[in-house]
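Have a look at the model first.

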Amino acid sequence: MTATTLRPPARAARRDGGLSGAGPLLRLWLRRDRIMMPAWIYGLTAYVSSNACSFGREYDTPQALASFTRGINGNPSTRALYGPVLNGGTADGLTVWRVGATGAAFTAVMCVLLVVRHTRAEEETGRLELVGAAAVGRRAPLTAALLTAVTAAATLAAAVTGVLVLFGLPAAGAAALGLSWFGSGLVFAGVAAVAAQLAETSRTANGLAFTVLGAAYLLRAAADAGAAHWLSWLSPIGWAQHVRPCAGEQWAVLLLPLAASVLLIAAAYALTGRRDLGAGLLASSLGPETAAPSLRSPLALSWRLQRGTLLGWSAGLLVYGLVVGGIAAGAGDLAGDNAAIADDIRRLGGQRNLTDALLATAMGIMGLFAAAYAVQSVQRLRAEESGGRLEPVLATAVGRIRWAVSGLAVTAAGTAVLLAVAGIAVGTVHGARTHDLAGQLPRQLGAALAQLPAVWVIAAATFLLFAVLPRATSAGWAVLTVCLLLGQVGPLLDVPQAVLDISPFTHTPRLPGAAFSALPLAALTTAAAALAAAGLTAFRRRDIG
């Protein structure tokens, strides 16, 4: 018997368009996101605050502003990463330049995760079928999920606007930036809603939505790097820039994300009525009757489950590495004659040489990206358990420890692949630009791989959370956020060294440029192994599910 036949108030659901129960679901979703949503909002608001503080302090003369702006706008790689500086005459314009495109992209990521979590993921686990047996309309879950994403995006926009006003930005410019992020979140909430109707699994739905987001960011980057400028008008991330906060606001551009989101949400509602609960419009193809020999081990299964995610992260870090390699040689141009910004680059990178300091900072960011993949990879273990797929595996000859070690092995190897891809990309481009490919390629590859032990510590800490408090596995993102703030903001705000030492990335050698020391890397690797061993011990003793 289906959930539809179990729903008693069918007539009421038809009268209200299938929206009955949306209010209670919205309250439930908001309660479930009481940790995830504030973490996103706080992290992005802190990101804006740190940049506003830094630019307001360092660029206090028109000459410094003009010099930095010339360096940015004259470097195609930097423009591709962050966009051009539209108003280089003020520190306000530089703040908006630094956070505009990246903030719009992160807002989109937040909204995609929220919508897919409360639609396709709920169907995948079977919880939505139980909810549908009550007085809940067919379109109520999608409505509640969209309202959750809209609430998160609106709260973030209000927080960012308020923080920027406190830092002295004009109210109109601050509001324009907040609304541009809100528009980006609306569009990709609609994209995620459509993807949730097409795909049969939450992983595929996230993959479809993030593919669209990646294409939008690349279109914007290509336009800003010097390709046809009109390409940015095809990208929702480009629309956020065309609002021009603090550079002569173009309020009418905000109608573009509003119209696009309306069309996408309408399409999602239309598709909802054309499929069965739990099914996607793009049905998965049936696999072979018997598994291939390559799938006859838990290690092979872990690799099969995570290879798509690893490929996506590899592509992203490859692009980032190519951009970093392109801008590294121009580090002096970015600082210009401003001694303060040069000192900031040196403090972040820990090197006197500006190029090496910039590269060392970029390697730290790549390490954080690899750690984000590691957290996501470990959380895949939790998804297998909560989805009920782990118990059938453990009912065979596969033991708990063997299954968990297989997942950790794929995570450890995957992070090494990501850092290697990034290091090779940086070394190849930077070596070609400096006519020293043979020297720079191994140098940058080694610098990237030096981040690996710190990444393993984050992965092992997340696994320990999974083993001891499985419902708190998502707190691994909070651990990563703390490391991000300590590493990228702490040195600029003169945070005490004892606090900075909390992050494992503080203890990695500042390569390239610094003297290599194996002792901190060995200590971090030992710490990661100890955390993983403690996690395996706890996982062996606790109940599954």
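Helix 18 makes a right-handed crossing with helix 22 (right-handed if the near helix is turned clockwise from the far one by less than a right angle, left-handed if anticlockwise). Helices here are DSSP runs of H or I with at least four residues, numbered from the N terminus. Keep in mind that this is a predicted model: local features need pLDDT of at least 70, side-chain atom pairs count only at pLDDT 80 or more, and totals for chains, interfaces and linings use all residues. Residues are numbered from 1 along each chain as its sequence is written, and side-chain values use heavy atoms, leaving out hydrogens and water.

**The helix pair**
- The axes of helix 18 (residues 354-386) and helix 22 (residues 452-468) come within 8 Å and cross at roughly 25°.
- That makes helix 18 roughly parallel to helix 22 (angles under 35 degrees).
- On the helix 18 side, the contacts (heavy atoms within 4.5 Å) include Gly367, Ala370 and Arg382, and they meet residues of helix 22, among them Val455, Ile458 and Phe466.

- The peptide bond from leucine 511 to proline 512 is cis, with omega near 0°, and proline 512 sits in the loop between helix 24 (497-500) and helix 25 (518-541).
- Cysteine 246, in the loop between helix 13 (236-242) and helix 14 (255-272), has a positive phi near 60° despite not being glycine.
- Cysteine 246 is buried at 11% relative accessible area (buried means under 20%, exposed over 50%, with a 1.4 Å probe and protein chains only).
- Histidine 435, in the loop between helix 20 (400-434) and helix 21 (437-449), also has phi near 60°, but histidine 435 is exposed at 75% relative accessibility.

Notes:
Axes are lines fitted to C-alpha atoms, for helices over the stretch in contact, and angles run from 0 to 180 degrees between N-to-C directions. Helices (H or I, at least four residues) and strands (E, at least two) are DSSP runs, numbered from the N terminus. Angles under 35 degrees count as roughly parallel, over 145 as roughly antiparallel, 65 to 115 as roughly perpendicular and the rest as oblique.
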